[in-house]
Structures are given as C-alpha cells and as structure tokens.
Amino acid sequence: MNLEHSALEQYVDMAELLHRVEDDRELLMELLALFQEDFPRLRDALHSAVDSKDPIQVERTAHTLKGMLANLSVKHASRLAANVEIAARTGDARRILEAMAELDREEQGLVAAVESFIAGVEP
Amino acid sequence: MKILIADDEEVSLRILQKILERNGYEVIAVRDGRKAAEHLCDPDGPRLALLDWVMPQLDGPSVCRTVRRKRSQRHVYLVLLTSKSAKEDIIEGLESGADEYLIKPFDPGELKARLRTGLRILELEDNLLEAREDMRYKATHDSLTALLNRGTILELLAAELNRERRDNHSIAIALGDLDHFKLVNDTYGHVVGDEVLAETGRRLLGSVRSYDFVGRYGGEEFLIVLNNCCSDTLMDRAEKIRTAICGSPFRTSQGPISVTVSLGILAGHPTDKRPLEEVLCEVDRALYAAKSAGRNRCCLAPSSQRNTPPET
C-alpha cells in the first residue's frame, strides 16, 4: 500500500494523518471508507440546508464536515468548509453560496481521489 | 478504565475509539449528547469522557453542565474535544464544567497525555475519599472490638429514641457487662482480655439483626439498640444475645475461657418522653439488678413492665 505517492496526497496531508492514526494503515483505510460512506450524506444535508435558506443548519452541517475533513488531514477542503460555516454565521446568503461553490469544486476531485485510492489498494 | 466518547462524526469517533482501545481503555461510544449525559450521570458510569461540542440533542457544554449538576459522588473528568478554537469558545467550554479543552484535529500523543492527567486527578480523588472514609470509620468505631464507639452509639440511640416518638415504632435497649472480666485480665493478662473483648464484639454483632446497633459503651460494657422490637420477642432476643456469649467458651491464645454477660433490658415506648440520660440510668439499674441476682442473666427494667410497646 503506497500511501505516500498517490493522487490522494494532493488533498490529504498523509504524513499528518499517519501520525494521527499512529501509523495504523488498516485504520487509515477504514477511515477513508467511512468518509466514502458518510461524506455524501453530509454534502447532501449541507446543500439541502442551503436550498432551504436555513443558516443555522448550514453552520451546523458545515461545522461537522469541517471536523471530518480536518480529522482526515484534508486541509484545504476543511478550510473551505470552515468558510461556509463562517458565512452561515453571518447569515449572508451570497457569501454562503460563494463559499459553497468553492467547496463543491474541491470536493469533486477529493471524492474521485479517495475512490481511486481505495479501488487501487483493494484486492 | 472506562471512557465515554461522544461525537456525531463517524471518522472522529472511529479514530478515538481505536486509539483509546489500543491504550487499554474500555470505550463507550455514543453519537448524541443526551446519551452521553445519561451514561455520565449514572453512578456506575464512566468517570472519563471526551465530548464533542456540536452534537444532536445536547451539545458538549450542556452535557458538562448536566453532569456537574446531577452527579456529585465522584468527579467525572470531562474533556471537550472540538474544532471550535476561538478564545471565547474555550472560556465558555471550561466555564460549563469541562476540566480540559482540546482542539480538533487532535494529536494522539497530546490526547493520551491529557487523559493521563485526568487519570491522575481521579486517582488523587479516590485516595482522598478512601482516606476520608478511613478517618470516618476510625472516628466512629472502637479499634479493639470494631463495634461503634461510645459517642456514636449514644448519638444513634438518641436519634432512634426521637424516631420512636415521631414514627410510633418501638425500640429496645440492652446494656451488657461481661461478668468478672477483671478476673480474666488478672488471670490471663491484658492481651487475653483484649482477645475476649474482640470476640465479644464479634459474637454480639452475630447475635443481632443488620439494622440493630451495637457499641462499646465502656471497658467491658456494651450498648445495643434493637430496632422494631416488640414486647413479645424482647426477652427472646435478649436471651439470644446472652447465650451468644456464654454458649461456647472463647478461644484465646491461653486456651478456652468461659465468659458470661449480664444484661439490663429496657423496652422503649413512643410515649416515653424522658431524656436520654434518664433512659440510660434506668437500663443501668436493670443491669445492676441482673448482676445482683447472680449474673449471666437478663433483667427487664421496671418501666418496660408498665408500658407495653405497640406490636410491629
């Protein structure tokens, strides 16, 4: 399992993540699988909160998403989720949409990288 | 050591669970604040917790407040683990009752070190509580016989007399004195005398019910408070105490010794408003009468024969 030279490294600070999981590569794979499972649910919940113009729910969901991404050392996307959280706190709809658009752009590449990484290492 | 982790975010929950289990913790993982509070408020629940801030049902600070309000027996070491990193969040989190505040994403080394700090504090509390309990026991018990000491048995007797008058139930008092105990000391020495006193304590405790009280009143005098004791059974119970002492010889380091006890018995009555001192004087007179009548017997105080306590 070559974690250090994958496309995933574009998104994930692999050294930091490996340190966090105490070099347990099996756990790391388990976490990525959890991400695959949970991320679409959170992303859909976030979009749905934005569509319903519910800034409190947007803030809350963006906060959870930010935490998940930070735990996986997906630093840039985590900062983008934080921007959505901050924008939601201001209640400014235009700022929320702008922050969401940036996050959406980033997440497409991230999801694809996680998918191909998992597919590549699975027997 | 049990530890509770509460987080509605699966990745965080899984990393924490794995790291903590690897370090010997018994992990209870929940995904909302209400469940976390339920576990932590349970007197047998975990005493160490990692709480996320933003959670369904109840947020982390609310869990801290709930735990601090409801559970006071033993300290629960609460760590807020959150990505909220603003100064005002940290202050609010600690003010809510958290002992420690850690910011996500966490460093596993730091997390483990912070938890060890928590364990040290809990251990310190355990030691203090144990020392307090030890002191409480020593302050209320006689070290030789392990019975209640004079101060404590008198306090309990006063409380039971008040309760008898208030709740209209009946108690009885027995004052026992080992017969010819001085002879035991003079013949076998004080070490054997102490052995006899210790064995007397054990036999007295074995002859009463769990809700009766037995105390060492003086050198070889013992005061027994028999709760819920009606006149019909009073003398049978007193005889049971007497025969517990004389029923078989005491085994001592100097061989078996026959020991007997004389007992003054007083049946309490809810209408008896006499102060404690007078009640004790009367039971003491009954004890004296038992001695005068030849020892190794129970003698009922005169007021017990006049007042018939109600049946219970």
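I take the expected span of a helix as 1.5 Å times one less than its number of residues. The model I am examining is predicted.

**Entry 1: helix α5 of chain B**

I looked up α5(B), which covers residues 108-140 and has 33 residues. From its first C-alpha to its last I find 48 Å, close to the 48 Å expected at 1.5 Å a residue. I then asked which residues of α5(B) are buried, and noted B:Leu111, B:Arg114, B:Leu115 and B:Gly118. The cover over these buried residues includes three strands of chain B, namely β3 (48-51), β4 (77-82) and β5 (100-103).

**Entry 2: contact between chains A and B**

I turned to the interface, where 20 residues of chain A are in contact with 14 residues of chain B. Which elements of chain A give two or more residues to the side that touches chain B? I recorded α2 (25-51) and α3 (55-71) of chain A. The most comes from α3(A), with 8 residues. By class, I list this side of chain A as 8 nonpolar, 5 polar and 7 charged residues.

**Entry 3: the open sheet of chain B**

I traced an open sheet of 5 strands in chain B, in the order β7-β8-β6-β11-β12, and noted that the pairing is mixed. Its edge strands are β7 and β12 (298-300), each of which pairs on one side only. Neighbouring strands of the sheet are turned by 20° against each other on average, direction ignored.

I next followed the pairing of β8(B), residues 221-227. With β7(B), it pairs in the antiparallel sense over 4 bridges, and a hairpin of 4 residues joins β7(B) to β8(B). In this pairing I noted B:Phe222 of β8(B) as the bridge partner of B:Arg216. Strand β6(B), residues 171-178, also pairs with β8(B) in the antiparallel sense, over 7 bridges. There the bridge partner of B:Ala172 is B:Leu226 in β8(B).

**Entry 4: the faces of β7(B)**

In a regular strand, side chains alternate between the two faces of the sheet. I therefore checked each side of β7(B), residues 213-216: are its faces covered or uncovered? Both are covered. I found B:Phe213 and B:Gly215 buried on one side, and B:Val214 and B:Arg216 buried on the other. The edge strand β7(B) thus pairs on one side only, while both of its faces are covered.

**Entry 5: helix α9 of chain B**

Finally I looked up α9(B), residues 231-246, and found that this helix lies across β6, β8, β11 (261-267) and β12 of chain B. I recorded its direction as about 160° to β11(B).

Note on methods. Residues are numbered from 1 along each chain as its sequence is written. Chains are lettered from A and ligands numbered from 1 in the order in which they are written. This is a predicted model: local features need pLDDT of at least 70, side-chain atom pairs count only at pLDDT 80 or more; totals for chains, interfaces and linings use all residues. A residue is buried if 20 or more other C-beta atoms lie within 10 Å of its own, exposed if 12 or fewer, and partly exposed in between; C-beta atoms are placed from the backbone. Two residues are in contact if their C-beta atoms, placed from the backbone, lie within 7 Å. Ala, Val, Leu, Ile, Met, Phe, Trp, Tyr, Cys and Pro count as nonpolar, Asp, Glu, Lys and Arg as charged, and the others, Gly among them, as polar. Two strands pair if DSSP finds at least two bridges between them. Axes are lines fitted to C-alpha atoms, for helices over the stretch in contact, and angles run from 0 to 180 degrees between N-to-C directions.
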